[in-house]
Amino acid sequence: MFEAPLPGLTPGWNSSGPINGGVPQAVDMAAHVAQLGRDIASALPDPESRAVVGIDMETWGPLWGMAGEHSRYKTESRRLVRQRHPSLPDADVEKQAQLEFERGARSFMETTLAEAQRLRP
């Protein structure tokens, strides 16, 4: 079972600031996939292994509604939208930030699972 730290370059925060972009929509996906491959190869060196593997993403909180306790995800998502669209009304910033966060999270999770399955079917 992969738990924290998750394999690859999972976005998040520590006391020094953002890690791996901080939010899923800011992750360098090519770098994430490359690191994910190294992490899986290290944990399961035998490509023919029939071990069942799980990735516990529950600690990450990839849904906007779950990000309440992870308010940095919301704050950073809003900041990124505001940076690109400084005159956008607050309500629209909120909607766009949620949309980008959830799309980024979905893409991150789908890419992670597809690559893990490709490497260790």
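Colour by secondary structure: the protein has three helices and two strands. Helices here are DSSP runs of H or I with at least four residues, strands are runs of E with at least two, and both are numbered from the N terminus. Along the sequence the pattern reads β-β-α-α-α.

This is a predicted model, in which local features need pLDDT of at least 70 and side-chain atom pairs count only at pLDDT 80 or more, while totals for chains, interfaces and linings use all residues. Residues are numbered from 1 along each chain as its sequence is written, and side-chain values use heavy atoms, with hydrogens and water left out.

Now colour by accessibility. Of the 121 residues, 33% count as buried. Buried means under 20% relative accessible area, exposed over 50%, and partly exposed in between, with a 1.4 Å probe and protein chains only.

Next, select helix 1, residues 29–43. Its 15 residues should span 21 Å at 1.5 Å a residue, and its end C-alpha atoms are 21 Å apart, which agrees. The expected span is 1.5 Å times one less than the number of residues.

Which residues of helix 1 are buried? They are His32, Leu36, Gly37 and Ile40. They cover an arc of only 135° around the axis, so they sit on the same side of helix 1. That arc is taken over the directions from the helix axis to the C-beta atoms. Turn to the face away from the buried side: the exposed residues Ala30 and Ser42 are there.

Helix 3 is part of what covers the buried residues of helix 1. Axes are lines fitted to C-alpha atoms, for helices over the stretch in contact, and angles run from 0 to 180 degrees between N-to-C directions.

Show the side chains at the contact (heavy atoms within 4.5 Å). From helix 1 come Met29, His32, Val33, Leu36, Gly37 and Ile40; from helix 3, Ser107, Phe108, Thr111, Thr112, Glu115, Ala116 and Leu119.

Finally, centre on His32, in helix 1. Is His32 buried or exposed? His32 is buried, with a relative accessible area of 0%. Leaving aside neighbours within four places in sequence, His32 is in contact with Pro7, Gly8, Leu9, Thr10, Val27, Phe108 and Thr112.
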